[in-house]
Amino acid sequence: MKKIGLILALLLTGCTTTEPAALPADGFFRELSALCGKSFEGKLAAGDDSDASFNSAKMRAHVRECSSREVRIAFDVGEDKSRTWIISKTDTGLRLKHRHMLKDGTEDPVSQYGGDTVTPGSVIRQEFPADAFSKDMFTKEGRTVSNANIWAFEVTPRQVLTYELARPGRLFRVSFDLTKPVSGAGE
């Protein structure tokens, strides 16, 4: 009788189901979503001479729109409120798109560029190499240097949100202080 019980126990062990392991992108998205409804001031953390206007401008990230599949972050540089970062879930990770608007309210010809994650990344950092759409658009607009772009976001919970653009010979980073939310997300 003991042998039958042992055999049944061993057979049933093989029948148990386990939850699939959470992807690092899921943890990252959860951390990003926790910022929804808040705004944060930023500062230039890395740049070159072409970024001088960012050095002196008041920068803010407004985490305004969040759903279970997408987070939209408005990025203001001084009075320029034309930029929005859109991070959305895909079947294999995350996607980043940059939306740029013209002053007349229409979409800029250089807009909707970005890419999908191609590596698991981590709960803190996700990287987005330029996708085919972006490369085609950059080539069409005479910005082929941007075809090598890799954008990244980092979220150190309750400390810092960082946006990064990197390519050979170029590094641009803006860091936002998560310890001091400011008014403005609902605007």
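## Close-up views of a predicted model

**View 1. Leu32 and its contacts.** Leaving out neighbours within four places in sequence, Leu32 contacts Val63, Val71, Ile73, Ile87, Val155 and Leu161 (contact: heavy atoms within 4.5 Å). This is a predicted model, where local features need pLDDT of at least 70, side-chain atom pairs count only at pLDDT 80 or more, and totals for chains, interfaces and linings use all residues. Residues are numbered from 1 along each chain as its sequence is written, and side-chain values use heavy atoms, with hydrogens and water left out. The largest nonpolar core has 35 residues; Leu32, Trp85, Ile87 and Phe153 touch the most other members. A nonpolar core is a set of buried Ala, Val, Leu, Ile, Met, Phe, Trp, Tyr and Cys residues joined through side-chain atoms within 4.5 Å. Buried means under 20% relative accessible area, exposed over 50%, partly exposed in between (1.4 Å probe, protein chains only). In soluble globular proteins, nonpolar side chains tend to be buried together.

**View 2. The open sheet.** Ten strands run in the order E6-E5-E4-E3-E2-E1-E10-E9-E8-E7, with antiparallel pairing. E6 and E7 (125-129) are the edges; each has a single partner strand, so one side of each lacks a neighbour in the sheet. From one strand to the next, the twist averages 20°. Strands pair if DSSP finds at least two bridges between them. Strands (E, at least two residues) and helices (H or I, at least four) are DSSP runs, numbered from the N terminus. E8 and E9 pair in the antiparallel sense over seven bridges. Trp151 stands opposite Leu165 in E9. Helix H4 (residues 132-140) packs on the sheet and touches E5, E6 and E8; its direction makes about 155° with that of E6. Axes are lines fitted to C-alpha atoms, for helices over the stretch in contact, and angles run from 0 to 180 degrees between N-to-C directions.

**View 3. Rings around Trp151.** The structure holds 11 aromatic pairs. Rings of Phe, Tyr and Trp (its six-membered ring) pair if their centres lie within 6.5 Å; planes under 30 degrees apart count as stacked, over 60 as edge-to-face and the rest as tilted. Tyr113 and Trp151 have ring centres 5.6 Å apart and planes at 35°, so this pair is tilted. Tyr113 lies in strand E6 and Trp151 in strand E8, 38 residues apart. Trp151 is buried at 1% relative accessibility; Tyr113 is buried at 12%. Phe138 and Trp151 have ring centres 6.5 Å apart and planes at 45°, so that pair is also tilted. Phe138, in helix H4, is 13 residues from Trp151. Phe138 is buried, at 2% relative accessible area.

**View 4. The disulfide Cys36-Cys66.** The structure holds one disulfide (a pair of cysteine sulfur atoms within 2.5 Å). The sulfur atoms of Cys36 and Cys66 are 2.2 Å apart. The torsion about their S-S bond is about 110°, so the disulfide is right-handed. Cys36 sits in the loop between helix H2 (24-33) and strand E1 (38-46), and Cys66 in strand E2 (residues 59-66), 30 residues apart. Cys36 is partly exposed at 30% relative accessible area, and Cys66 is partly exposed at 29%.

**View 5. Two loop residues with positive phi.** Gln112 has a positive phi of about 65° although it is not a glycine. Gln112 lies in the loop between strands E5 (94-100) and E6 (113-116). Phi of Arg158, also not a glycine, is near 60°. Arg158 lies in the loop between strands E8 (150-156) and E9 (160-167). Gln112 is partly exposed at 25% relative accessibility, whereas Arg158 is exposed at 69%.
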